[in-house]
Every structure is written in C-alpha cells, then in structure tokens.
Amino acid sequence: MLLRHSFSRSPTPSSWLSRISPARTMPLRAKVTNPAFTASSKMSTATDSQTPHELPGDEPDDVLFNSLYGVRLVELNRPKKLNSMNGSMARKILPRLKEYEKSQLANIIMLAGAGEKAFCAGGDVAALALQNETGPEGQQASADFFRFEYKLDHLIANYSKPIISVMDGITMGGGVGLSVHAPFRIATERTVFAMPETTIGFFPDVGGSFFLPRLDGEIGTYLALTSERLSGVQALYAGIATHYFDSSVLGNLTARLSELIFRDHASLSERLHLVNRTMAEFSTGLPDEQIKLGGSLRQAIDRCFRHDTVEEILRALENETVHTKWAQKTLETISQRSPTSLKVTLRQLRLGRNWDIAETFQRECEVAAHFMRHPDFVEGVKARLMSKPPRQANWQPATLDEVTHKQTEKFFELPEGEKRMTLVTEGNYREYPHKYTLPSEKEIHRYVQTAPKSKEDVINHFLTQFDHKDGVKEKVREVLHRQTKETLDGVRWNEKGEKSQ
C-alpha cells in the first residue's frame with residue numbers, strides 16, 4: 001500500500017493515486033532522515049507547533065505530502081472548495097519544496113489536487129475580498145498572501161529537480177501559477193484551463209505577465225482579456241500543457257516515475273530528459289478534435305488582439321468581417337469585464353514581454369497590492385462569485401474612457417519607500433529554459449525560412465525532433481495550413497496580408 005506519513009492526520013486519497021497497482025506501491029524502505037517526515041503533522045521548529053511560515057488557525061490537512069520511492073506527491077486537499085489556494089496551503093508547500101530540494105531521496109515532485117473536479121480552481125478570493133473590507137490592515141494581509149504565493153510560484157519556476165503538475169480538472173488562477181511554470185504539465189480529458197481574473201476586477205497574475213505573452217501570436221492576450229476556457233487537449237495545443245494523458249493512466253504513470261533512478265551527478269537537463277522519455281511510454285493518443293484556437297479563428301484573434309490599447313481591440317472586433325458572430329460574442333464578453341482590469345491587463349502583457357521571470361513576480365506583487373486597495377476587486381468577487389445568482393458588477397470607474405493612462409500606470413509604480421519583493425531563490429531567465437511543449441509557431445517559422453522544403457518535410461522534421469510526440473503532427477500541419485503557401489520550390493511563409501492556399 002502507499003505510504004502516508006504520520007503528519008497526514010485524515011488523508012483523502014487521490015482518485016487516481018489510489019488506482020496505482022498494488023504490486024508497484026511498496027512503502028519507501030530507505031531510512032527517512034528528513035525531520036519533516038517524522039513525529040508530527042507540523043514541521044519541526046523551535047516551538048514544534050507550526051511550520052516556519054504557518055499561522056495559528058491554518059487548516060491542518062489542506063495539503064497532503066506523500067512519498068512513493070523517489071516521487072514526492074504534494075496534494076492540494078480542499079476538494080469541496082475545488083482545491084482553491086489559501087495562505088495556509090502556500091505556507092506549507094513552500095518550505096516543504098525547499099526540504100525536497102535538499103533530500104537525496106526525493107527525485108521527482110508531483111503537484112496534484114484531491115478529487116476528480118479540480119487541480120486548483122484559483123486563489124480563495126472570497127476570503128480575500130472579505131478581508132479587504134476590514135480596511136487597510138485587511139488589504140495589507142491580502143497583499144501579503146499574494147507576496148507569499150508569488151514566491152512559491154517563482155520557486156517552482158526555478159526548481160532544481162523535475163516537477164510535474166497534474167492539471168487534472170479545473171486549473172485556473174492560482175492553480176495556473178502552480179502548474180504553468182513547471183517543466184512538465186499534464187492535461188487530461190477533465191482539464192479546464194482559464195485565467196478569469198478580469199471577471200472579478202483583478203489581473204492575470206501568478207506569472208501571467210511572463211507566460212501569456214510568450215504563447216503563439218495573440219493567444220495570450222485573448223485568453224487574458226476574455227477569460228476564455230480551454231478544455232482537455234486544447235491546453236496542449238495552446239502551449240499551456242506539455243503532455244496529454246487520459247486520467248486513467250495517471251496512477252500507473254506515477255508508479256513508473258517512482259522507479260526512476262538518476263545518476264548522482266546527472267544534470268537537471270539529463271533528469272528532465274529521462275522523465276520526458278518515461279512519460280512518453282504512457283502515450284494514449286489524442287482525442288479526434290480540431291485545434292480550437294487555429295485556422296481562420298486564430299487569424300481573427302491575431303488580427304483583433306494585436307493592438308496596444310483596449311479601445312483599438314474593441315474597434316477591430318467591431319470591424320471583424322470573417323468571424324462576425326465570434327467578434328460580437330467577444331465584444332459582449334469584454335464589455336462585462338472591469339474597465340480598470342482590462343487596461344491594466346493589456347499594459348501588463350505588453351510590458352511582460354520584456355520582463356525576466358524574477359521581475360515578473362516582483363512587479364506582479366506590486367500590481368496585486370494596488371488591486372487590493374481598489375474597489376473593483378471586492379465588488380467583482382461579490383458580484384460574480386458570492387451573489388446567488390451572480391450579478392453584473394458595478395465597476396468604478398464604469399467605462400474605459402474614465403480609466404486614464406495615468407491611473408493605469410500607477411498600478412506599476414513602486415510606492416515611495418518600499419522595496420521590491422525578495423525571492424527565495426536566485427534563479428532567473430527571460431525564456432523558459434526547459435521546453436517540452438509542442439513546437440511553437442516561431443520555431444516552425446524559422447525552420448521553414450531556412451531552405452525550400454515540402455509540407456511533409458517540415459512535419460517529418462518536427463516529428464523526428466520531438467520523438468514523435470503526440471500532437472506535433474497536428475500542430476505543425478495547422479500552422480503550415482494557416483501561415484504558408486505552396487510554391488514550385490516548396491512551402492513559403494506568407495508575407496503580411498497574404499492568404500494561405
């Protein structure tokens with residue numbers, strides 16, 4: 001049976017973890033020397049009563065920590081609240097990840113959610129909104145929550161060991177921060193991805209400034225401003241997930257990963273490569289569905305969302321002549337969002353193109369603190385999440401015209417006398433250092449431009465380069481169909497304004 005340590009008082013088994021074959025789930029036999037695994041549900045400290053960052057009143061079992069040979073499973077355990085992230089959870093996970101970095105017994109970290117509905121549906125924003133209403137002290141406490149959450153997300157983004165986030169079920173907001181920066185992100189048929197922050201008077205944080213502008217074309221801008229959802233395999237095609245598996249194989253995948261043994265001096269890249277090859281053993285194929293954000297719709301997205309002001313984006317949607325129904329629906333969606341959130345979000349995405357990963361979380365910390373003092377956050381959470389049935393929020397200001405450039409820029413200013421957040425690791429980069437997603441449009445473009453070649457040559461090149469990974473053929477074919485023309489010499493990338501044949 002699977003070993004659950006004494007610090008998990010009343011564990012709730014993961015739906016898929018419980019299906020691991022009994023023959024492959026023998027308890028960890030090596031001597032455990034990490035004090036976090038012994039004696040108490042609390043990490044050992046001078047008082048032996050709480051973790052270094054834990055506070056009185058924190059829920060005791062909102063995160064479960066399990067071991068299976070070399071795998072350490074961090075399981076968010078608030079299934080009734082869709083595993084929404086709160087301060088108690090963040091304060092447990094961060095120090096435990098730091099302990100795992102030091103342990104020679106911990107080879108691979110897996111982040112997952114209890115139950116079948118959600119990995120993590122976001123932060124517990126209802127609690128934050130109520131806290132904000134108490135005044136400046138409550139608003140500061142909410143800002144402190146985001147500060148700690150971003151430190152955790154930055155640690156995951158720079159972790160020294162392989163991390164796998166299992167995006168099985170709803171993965172939104174704070175759940176995206178726990179997943180999208182990890183080198184491996186697994187989507188399943190139950191995955192529902194979204195960044196819904198503009199709906200509640202907030203902004204796509206948890207590193208959204210970094211990963212959204214680095215998605216193909218204007219997909220990131222579209223997802224951020226509209227809160228559009230991507231389900232199942234669409235998260236893989238969009239570049240959010242790195243792998244797609246049916247949820248039924250997750251238990252056996254975990255058991256197989258637990259058996260991996262790394263050479264003592266293997267680099268992180270070598271370890272990640274072995275994990276990636278092992279995950280490929282569990283390929284179950286992809287659902288037979290078209291790429292949602294592809295074809296002529298993707299062209300419309302790039303056409304309309306490439307502008308640098310929200311007003312220009314709205315005008316482009318009004319003038320859209322190919323996908324008129326989509327454009328009208330998108331206009332109606334955006335019109336319900338917080339005008340302040342829309343303008344801050346678009347500015348965030350344009351600035352974030354040039355931020356490194358450290359600056360991303362430091363700057364987002366300042367933006368989040370500003371939003372905690374802004375009336376739209378409390379109003380948005382109450383209107384959309386707490387009112388039954390949900391109602392349209394009364395935004396302040398109520399229109400885009402009332403949100404000035406000066407007001408928008410103020411969200412990105414560091415208050416006088418304050419310093420930027422100190423991070424828990426020094427890791428930094430401007431592009432993700434370990435890439436296991438499908439080939440990006442930029443990569444395909446570069447290869448097409450090198451020399452004349454046929455479509456099949458291009459597809460075969462990427463299939464070989466990506467070890468025949470599921471989804472590569474479909475992704476490359478869609479990009480070539482949308483972005484190239486066939487000539488006597490082979491495919492040629494379209495010039496601006498040209499149409500594919």
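## Two packed helices

Helices here are DSSP runs of H or I with at least four residues, strands are E runs of at least two, and both are numbered from the N terminus. This is a predicted model, in which local features need pLDDT of at least 70 and side-chain atom pairs count only at pLDDT 80 or more, while totals for chains, interfaces and linings use all residues. Residues are numbered from 1 along each chain as its sequence is written, and side-chain values use heavy atoms, with hydrogens and water left out.

Take α8 (residues 250–258) and α9 (residues 268–280): they pack at about 145°, axes 10 Å apart. The axes are lines fitted to C-alpha atoms over the stretch in contact, and angles run from 0 to 180 degrees between N-to-C directions. On the α8 side, Leu 253, Arg 256 and Leu 257 meet Val 275, Thr 278 and Met 279 of α9 (contact means heavy atoms within 4.5 Å). That set splits into four nonpolar residues, one polar and one charged.

## Around Thr 199

Thr 199 sits in the loop joining β8 (192–194) to α5 (208–211). With a relative accessible area of 16%, Thr 199 is buried (under 20%, with exposed over 50% and partly exposed in between, using a 1.4 Å probe and protein chains only).

Leaving aside residues up to four places away in sequence, Thr 199 touches Ser 227, Arg 337, Arg 384 and Trp 395. With Ser 227 there's a side-chain to side-chain polar contact at 3.2 Å.

## Cysteines

Cys 120 counts as buried because its relative accessibility is 0%. Cys 365 is buried too, at 5%.

How values were computed. Nonpolar A, V, L, I, M, F, W, Y, C, P; charged D, E, K, R; others polar. Polar contact = N/O pair within 3.5 Å; in protein donor to acceptor, adjacent residues only side chain to side chain.
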